[in-house]
Amino acid sequence: MSILPKLSQLSIMELKDTPGRYFQSLHHCLAEECFRSYRWLHAMMYAIEEINASPTLLPNITLGYSIYDSCDIIPRGIEGVLWMVSGTDEVVLNYRCYAQAPLAAVIGDSASSVSIPMTNILGIYNYPQISYFSSAMSLANRHNFPTFFRTIPNDMIQSLGLAQLVKYFGWSWVGVLADEDDYGQGLSTIFKQEAQKLGICIEFLEKVPILYSESHTHHIVEVIKTSTAKVVVVFSWETYLYPIMMEIDKQNISEKIWIASEAWSTSSALSKNQVFTMLTGSVGFAIHRGEIPGFKEYLLGLHPLKSPNDVYLRIFWEEAFKCRWKNQDIPPETENSTLSCTGKEELAKLENTFLDVSNLRMTYNTYNAVYAVAYALHNLYNCHPDKGPFAGGSCADITNFEPWQILHYMKNVHFTTWSGEEIYFDENGDPPALYDIVNWKPTTSGDIQYFKVGSYDSSAPPGKELVLIDSTILWPGEKKQVPLSVCSESCLPGWRKATRQGQPICCFDCIPCSEGEISSHKDSTECLPCPDDQWPNERRDICVPKMVEFLSYSEPLGMVLAVLSVLISVVPKSILGLFLWYRHTPIVKANNRQLSYVLLCALTLCPLCSFIFIGKPSSASCILRQTTFAIIFALSVSCVLAKTIMVIIAFKASKPGSNLHRWVGSRLPNTIACLGTLIQAGICALWLGYAPPFPQNNMNSQVGKIILECNEGSSLAFWCMMGYMGILAVVSFVIAFLARKLPDSFNEAKFITFSMLVFVIVWLSFIPSYLSTRGKYTVAVEIFAILSSSAGLLSCIFFPKCYIILLKPERNTRDFLMGKGTSTNNK
């Protein structure tokens, strides 16, 4: 593009050079492709007409253009660049042959392979080049291509976006097809790297041959057919992909989901032939579709008779209507019809790509490329000397500027289109990447049509780039639910993934979380332990508060033990009342009745100790429960020991010449009972002073429970207390056992023997039971031992006497007792 005030022209090189060359290229290319390329040309021309007519953008400045057709051939592209730079077909390097308006920029080329050598030359002279279709990643290298710009996104962004699209749908197991050229291999490499970051595994990566190979094609199709991946991502041009799709259709492979790059996502060759129905449900990135106001009317207004010197339009007319102009100097090979062009043909009735403005993608990019140059020129034209970018604050002359001067403004151009889209270039010359996401759906005619179902905008905040309307997407089989494509099914919450050795990370086994651990979401790689006061629920996906456990009055076990304690404590009370009532009878008076009263009182309190063990542990209850139990039981056993010793002393004192008469009486047994109790009290006092018991929440004893219990403080003190009580019991048992064969008058020793035997058995059984149980059952075991031993002492010692008092009163006489053996008169 070149310019001067109402004289200037701004040259745009993209499509045409000499008429003869263009005619040949137009007649020899596919009609659809040529019509589309011809529309790109008119998008440029229409944009220039709009700009020239604008009263605000470049006022009083007229833009012009020159056209050259590279035919997507590298030498032709280089030739065109030299022509544009030198101003003549006779190229003279570093010299511009004709004085004309300065060249502002070069628009093109479409193919990246052609744009790269073009920009290598243009970069030497600092001429800006803007492509509407060259998306190669290498062109973003500012060191190698300092003057290159484009209005199509960088392919690297497309690869990143497609990886995010795959991740969005939850696919972790995919296959990849990529052309064996720079386009396919570059995109597939970036996609693979990003996929790995997102946890996506690639089952296979096959190269699509540029030159058709039947064996290679069959190999690719066989790999796709046997793969377990349901999703295939394809970076390929429709020309190279077509033979593969033909073979896939032939083998009726229809269960795959195809993810398309922009190279074929809007391909009419694949969608409008009623053959490739297996592509229904395909999803892909497409170049953003834009609208050009008034462009349709502009195209319909084109007519060869209005522009008799426009040979390009005449050739287009021949191709579109299959006719031939008479008396035209056109190469013979262009004649393809016997019909004559009359000029009365109507474009409005023509159905071809040229007039289809419903999906303007490259056309829209071309339109924006021209406007980008115009805005750069506008900024150069409106430069203020004090704000100029050049040395000394000077500004360039709009009629005579250097390429490097307009290059500066191209780097900083930033404008908004009529639809509100922002156009600018980053430090690499790339525009903001905006893609349409399209979905292929069947039509009533049997073809497949692509519909926009979302977008991808790289300029959006992180995590917001991808926008999809899921409900509008149609998957293969006309299903609405997103298909699965995974190597292994997802692990549910409560399970964790265990990678299979030698396989990709997407292939794994699901293992349930260990005891005490949870995983709260799908596909967890590890299970996390719950806090100490919580425990996994049944599914092991959330932590719930642990059940608090202690022996409570409200539960059946606690209620039963409490009732038994009351009942067992009532019995010695009743016996004490009975003994007090019959206190003057020989059976009560025998063997120190005061000691019997104390023992009955102690046996009344023993079962009641259980109430300190039942209920929620507190500091007071923890201190009292063992010490109270220990002292009361020590008193009971000490009384039994005293009674046993008194039986032997009384028997020995009854023999002639015995010196034990002075020990007969109440002083000795009382002393024994007090001393035995005081020793236990001393042990408890030392215990409480050194390491007293305290309440604690035991979270590790039982699974899923918090045991409210009393920590004994010192296990040594606890077992010393129990050991001392055991020593008293064993001594009493041994003494009573030795005195068991005394005459019947002193046969209480037999009953004491049985009572101590029961007592020792109960507490010996208590030790393993106590150590093997946990939680409230530990407390219940000790309570049971207390009640059992209390009941054993009570029944063995006092039930026989109650039997005589109540049922055999005739035996409750001094004579009867004296007749049984040596009398004992204890008062």
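Modeller: Happy to! Let's begin with a term: two strands pair if DSSP finds at least two bridges between them. Please keep in mind that this is a predicted model.

Biologist: Which strand pairs with E10 in the antiparallel sense, and over how many bridges?

Modeller: Pairing needs at least two bridges. E10 and E13 run antiparallel, and their bridges number 5.

Biologist: Which residue of E10 is the bridge partner of Ala 260?

Modeller: Strand E9 (residues 257–260) runs parallel to E10, joined by 2 bridges. In E10, the partner of Ala 260 is Gly 284.

Biologist: Are the two faces of E10 covered or open?

Modeller: In a regular strand, side chains alternate between the two faces of the sheet. On one side of E10 sit Val 283, Phe 285 and Ile 287, and on the other Gly 284 and Ala 286. Every one of these is buried, so buried meaning under 20% relative accessible area, both faces of E10 are covered.

Biologist: Which residue forms a salt bridge with Arg 150, and how far apart are the closest N and O atoms?

Modeller: Side chains of opposite charge can pair when their charged atoms come close. Arg 150 pairs with Asp 430, at 2.6 Å. Arg 150 lies in strand E5 and Asp 430 in the loop between E12 and E13, so the pair ties together parts 280 residues apart in sequence.

Conventions:
Residues are numbered from 1 along each chain as its sequence is written. This is a predicted model: local features need pLDDT of at least 70, side-chain atom pairs count only at pLDDT 80 or more; totals for chains, interfaces and linings use all residues. Side-chain values use heavy atoms; hydrogens and water are left out. Buried means under 20% relative accessible area, exposed over 50%, partly exposed in between (1.4 Å probe, protein chains only). Helices (H or I, at least four residues) and strands (E, at least two) are DSSP runs, numbered from the N terminus. A salt bridge is a side-chain nitrogen of Lys or Arg within 4 Å of a carboxyl oxygen of Asp or Glu.
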